[in-house]
Amino acid sequence: MSHIIVTGAAGFIGSHTVDQLLAAGHLVTGVDNFRTGRRSNLNGASASKNFALHEFDLTTPGAFDHLLAETRPDAVIHLAALVSVQESMANPDLNYTLNLHATHLVAEAARVHGVKRIVFASSAAVYGDATERPIRESTTKRPISPYGAAKLASEAILLGHAAAFGLTVRCHRYFNVFGPRQDPASSYSGVISVFERRFREGKPVTIYGDGRQTRDFISVHDVARANVIAATRSGIGSGVANICTGRPTSLLDVITVFRAHYVGSAAPSHAAPRHGDIIHSLGAPEEASAALDFRTEVGVEAGLQELIHSG
Ligand code: UD2
């Protein structure tokens with residue numbers, strides 16, 4: 001049994017990661033400031049005697065440092081973040097504070113208190129609008145948002161600490177994550193969460209473009225499992241890996257699954273492609289397979305069925 005701290009524990013990916021850690025018998029301390037995380041995401045976890053929750057902001061001076069001094073965890077899974085690319089454009093300063101400065105504080109606290117491992121939520125956003133298919137870890141990184149830039153800079157900060165101070169750092173570049181608990185708050189939320197809500201409410205979805213654009217959609221259950229492996233398996237070295245399926249799915253494919261369930265639903269409406277939208281985004285999963293022995297297990301269709309039936 002390991003003791004793992006999960007920052008952003010009440011978030012979409014965080015809460016699934018907490019659930020899987022607890023199911024595997026680990027001791028989990030969650031941290032969240034509830035800026036975008038939701039208490040209801042932790043309903044299951046809160047019933048466990050192996051789970052404790054601390055509510056504070058990582059940038060509160062000394063707060064995370066104090067928690068590590070007190071709890072001395074084996075690893076930190078750092079998922080707390082400003083998660084919206086659009087919000088990072090509207091407020092680059094807040095993006096800097098929550099995505100880069102907070103990560104530096106986590107790295108420093110880990111160094112001071114001898115935490116052996118950090119798993120970090122990076123993003124395919126570090127690649128910007130790369131057109132290479134599939135995108136490999138070696139693909140040129142050219143972020144096109146403050147969000148992507150902060151994720152890339154955070155990787156550098158963490159890997160610098162790993163090299164200098166001997167802790168193990170795993171940076172996970174998540175592709176398009178979907179599944180239960182994803183917040184469809186705005187039209188810029190992950191497309192599957194937006195579609196799921198529209199179908200459930202009997203409203204037509206809007207397709208920007210012709211719907212043939214593809215993404216590497218990965219189930220949150222697979223993403224959480226990658227986090228658990230990276231935090232708990234022995235013999236893992238530092239590095240960066242795409243967390244993706246390596247399989248492209250078009251929006252039309254996604255809509256076909258929804259329409260088969262919501263028989264008689266309104267036909268999608270079409271709108272002009274979004275400014276800056278990329279047509280295809282596909283990750284290469286081989287590095288995660290080699291470094292973590294991680295392979296996805298939930299296909300897109302199965303993940304969509306689960307989402308539809310959990311709504
Ligand atoms: C991700 C980011 C986005 C931007 C982009 C850069 C998320 C959720 N989005 O967008 O902010 O950084 O990467 O590449 O992290 N779509 C529809 N109808 C809708 C909603 C979306 O057709 O109601 C389309 C959208 O135009 C796009 C595709 O669905 O072609 C996927 O959209 P997304 O925002 O889920 O993901 P992505 O990778 O485009």
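**Cysteines.** I began with Cys171, which is buried, its relative accessible area being 0%. By the cut-offs I used, buried is under 20% relative accessible area, exposed is over 50%, and partly exposed lies in between, with a 1.4 Å probe and protein chains only. I then looked for a sulfur partner: the closest cysteine sulfur to that of Cys171 belongs to Cys244 and is 15 Å away, too far for a bond. Cys244 is likewise in no disulfide, and Cys244 is buried at a relative accessible area of 3%. Over the whole structure I find 0 disulfides, a disulfide being a pair of cysteine sulfur atoms within 2.5 Å.

**Basis.** The model is predicted, and I took local features only at pLDDT of at least 70 and side-chain atom pairs only at pLDDT 80 or more, while totals for chains, interfaces and linings use all residues. Numbering runs from 1 along each chain as its sequence is written, and side-chain values use heavy atoms, with hydrogens and water left out.

I traced an open sheet of 7 strands with parallel pairing, in the order 3-2-1-4-5-6-11. Strand 3 (51–55) and strand 11 (239–243) are at the edges with a single partner strand each, so one side of each has no neighbour in the sheet. From one strand to the next the twist averages 20°. Strands (E, at least two residues) and helices (H or I, at least four) are DSSP runs numbered from the N terminus; two strands pair if DSSP finds at least two bridges between them. For one pair I checked the detail: strand 4 (residues 75–78) and strand 5 (residues 117–123) are parallel over 4 bridges, and Val76 stands opposite Ile118 in strand 5.

**Helices on the sheet.** Helix 1 (residues 12–23) packs on the sheet and touches strands 1, 2, 3, 4 and 6, its direction making about 170° with that of strand 1. Helix 8 (residues 220–232) also packs on the sheet, touching strands 1, 4, 5, 6 and 11, at about 150° to the direction of strand 5. Contact here means heavy atoms within 4.5 Å; axes are lines fitted to C-alpha atoms, for helices over the stretch in contact, with angles from 0 to 180 degrees between N-to-C directions.
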